[in-house]
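Please read them with the structure open beside you.

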Amino acid sequence: MGEPVPAVRVEGLVKTYPAVRARRGTPAVPAVRATDEVCLDVRRGEIFGLLGPNGAGKSTLVRQLTGLLRPDAGAVEVLGHDLVRHPERAARLLAYLGQESTALDELTVSLAAETTARLRGMPLAAARAARDEILAELGLEELAGRALKKLSGGQRRLACVAAALVGDRPLLVLDEPTTGMDPHARRAVWAAVDRRRAERGATVLLVTHNVIEAETVLDRVAVLDRGRVIACDTPGGLKAAVGDEVRLELVWRERAPVELPGIAALAAEAAVSGRRWTLRLPPARAREAVTLVTGGPAFPALDDFRLATPSLEDVYVALGGRPAGQSGAEGLVKA
Ligand SMILES: Nc1ncnc2c1ncn2[C@@H]1O[C@H](COP(=O)(O)OP(=O)(O)OP(=O)(O)O)[C@@H](O)[C@H]1O
């Protein structure tokens with residue numbers, strides 16, 4: 001028996017936004033290689049995350065694999081369909097929630113969900129039933145009669161998620177679905193996403209910045225940086241790869257006593273944000289640092305400290321911060 005057809009297969013995907021010449025008053029813009037030979041396999045039934053800093057190429061990648069943006073080179077297959085040759089098939093195969101969705105703004109929440117269901121080929125009665133189901137699932141019933149353009153940012157986003165999830169699509173591609181939402185709405189979205197996977201076998205491709213949230217919902221993660229996949233593994237696998245480091249957070253009362261040589265040495269390695277220093281250190285050095293700040297003349301200046309094992313966020317920082325050309329993360333990529 002051969003390998004099962006993956007939900008998404010991406011090979012050698014390249015997209016370069018062309019350079020723009022300088023014109024009166026506007027400076028020239030160099031060409032940007034937004035996706036650079038990206039290869040990915042997303043298995044059926046997986047919740048797969050794309051993580052990466054601003055401008056890493058995440059949205060460009062998902063727009064290419066939803067058939068909205070034609071790649072310069074490379075292959076995109078969704079459930080065995082070639083979407084580079086047949087981008088029109090995407091509408092049948094996947095639901096896409098983009099970063100900015102204004103298309104539904106004039107509609108009420110209820111009509112946005114119903115119209116989307118109808119556009120996905122559902123007969124009227126079934127579309128209305130699907131609409132009622134999703135509005136109840138996401139706690140949107142009270143807002144059902146309001147126009148999207150008159151909702152708050154978080155409410156509007158939730159209504160767009162409802163429209164994206166209505167009707168069954170085997171692949172859900174969601175670009176930052178929970179942006180602007182309160183914790184209650186976020187939980188409802190993650191529960192709805194997980195239910196579609198658990199009960200209907202849907203595959204989910206999720207673009208996110210929120211690594212803490214991502215850690216709890218994702219089966220696998222690809223970290224993208226400057227258009228390239230620099231790591232791909234389970235959150236646990238990625239964390240194990242930086243597992244020999246711990247995170248030490250120091251909070252100083254007013255100012256750090258950098259006149260002390262030991263503290264000055266730590267300062268050189270710390271990421272400083274106001275009174276808070278964050279250090280990533282091997283365990284033995286972290287212990288030495290804790291002894292230094294809690295046992296000596298630095299102690300009166302210390303407000304608080306915390307030692308933590310690596311989180312997905314640490315992995316993200318450790319990988320995403322790599323300068324171009326340093327491919328030390330390549331050992332992390334797993335099939
Ligand atoms: N239409 C466009 N024309 C020219 N350059 C673009 C265009 N869209 C994106 N880019 C550039 O391509 C690169 C990748 O952008 P993209 O939006 O895919 O990143 P992203 O990872 O989704 O970022 P973010 O997390 O900020 O949404 C960036 O350098 C961006 O400036």
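Predicted model: local features only at pLDDT ≥ 70, side-chain atom pairs only at ≥ 80, totals over all residues.

**Notes on the model**

1. The buried residues of helix H3 pack against helices H4 and H5. In H3, which covers residues 109-119, the buried positions are Val 109, Ser 110, Ala 112, Ala 113, Glu 114, Thr 116 and Ala 117, a list that includes Glu 114 along with Ser 110 and Thr 116. Just after H3, Gly 121 takes a positive phi of about 90 degrees.

2. The chain has 335 residues, of which 37% count as buried, and 11 helices and 14 strands are assigned in it. Along its principal axes, the C-alpha trace spans about 75 × 60 × 45 Å. Among the contacts with a separation of 6 or more, 70% come from residues 24 or more positions apart.

3. The chain is divided into domain 1, made up of residues 8-18 and 31-239, and domain 2, made up of residues 244-309. Taken over C-alpha atoms, the centres of domain 1 and domain 2 are separated by 40 Å.

4. The largest nonpolar core has 74 residues, and those with the most contacts inside it are Ala 159, Ala 162, Leu 172 and Leu 205. Helix H5 gives the most to this core, with eight residues. A second, separate core of 12 residues includes Leu 248, Trp 252, Ala 270 and Trp 277.

5. Ala 159 deserves a separate look: leaving aside its neighbours within four places in sequence, Ala 159 is in contact with Val 109, Ala 112, Leu 140, Leu 143, Leu 148 and Leu 151.

6. Is Leu 138 buried or exposed? Leu 138 counts as buried because it has 21 C-beta neighbours inside 10 Å, where 20 or more are required. Its place is in the loop between helix H4 (124-137) and helix H5 (153-165). Not counting residues up to four places away in sequence, Leu 138 touches Leu 158, Val 161, Ala 162, Ala 188 and Ala 192; one of these, Ala 162, is listed among the residues with the most contacts inside the largest nonpolar core.

7. Which residues surround the ligand? They are Tyr 17, Val 32, Ala 34, Gly 52, Asn 54, Gly 55, Ala 56, Gly 57, Lys 58, Ser 59 and Thr 60. By class, this shell has four nonpolar, six polar and one charged residues. Strand E2 (32-42) and helix H1 (58-65) each supply at least two residues of the shell, and the largest share, three residues, comes from H1. As for the placing of Leu 138 relative to one member of this shell, the C-alpha atoms of Leu 138 and Val 32 are separated by 38 Å, the two residues being 106 apart along the chain.

8. Gly 295 lies in helix H10, which covers residues 283-295. Gly 295 counts as exposed because it has 9 C-beta neighbours inside 10 Å, the limit for an exposed residue being 12 or fewer. The C-alpha atoms of Gly 295 and Arg 187 are separated by 43 Å, with the two residues 108 apart along the chain.

Methods: Residues numbered from 1 in each chain as written. Helix = DSSP H or I, 4+ residues; strand = E, 2+ residues; numbered from the N terminus. Contact = placed C-beta atoms within 7 Å. Near = placed C-beta within 6 Å. Nonpolar A, V, L, I, M, F, W, Y, C, P; charged D, E, K, R; others polar. Core = buried A, V, L, I, M, F, W, Y, C linked by C-beta atoms within 7 Å. Domains from an automatic or database assignment.
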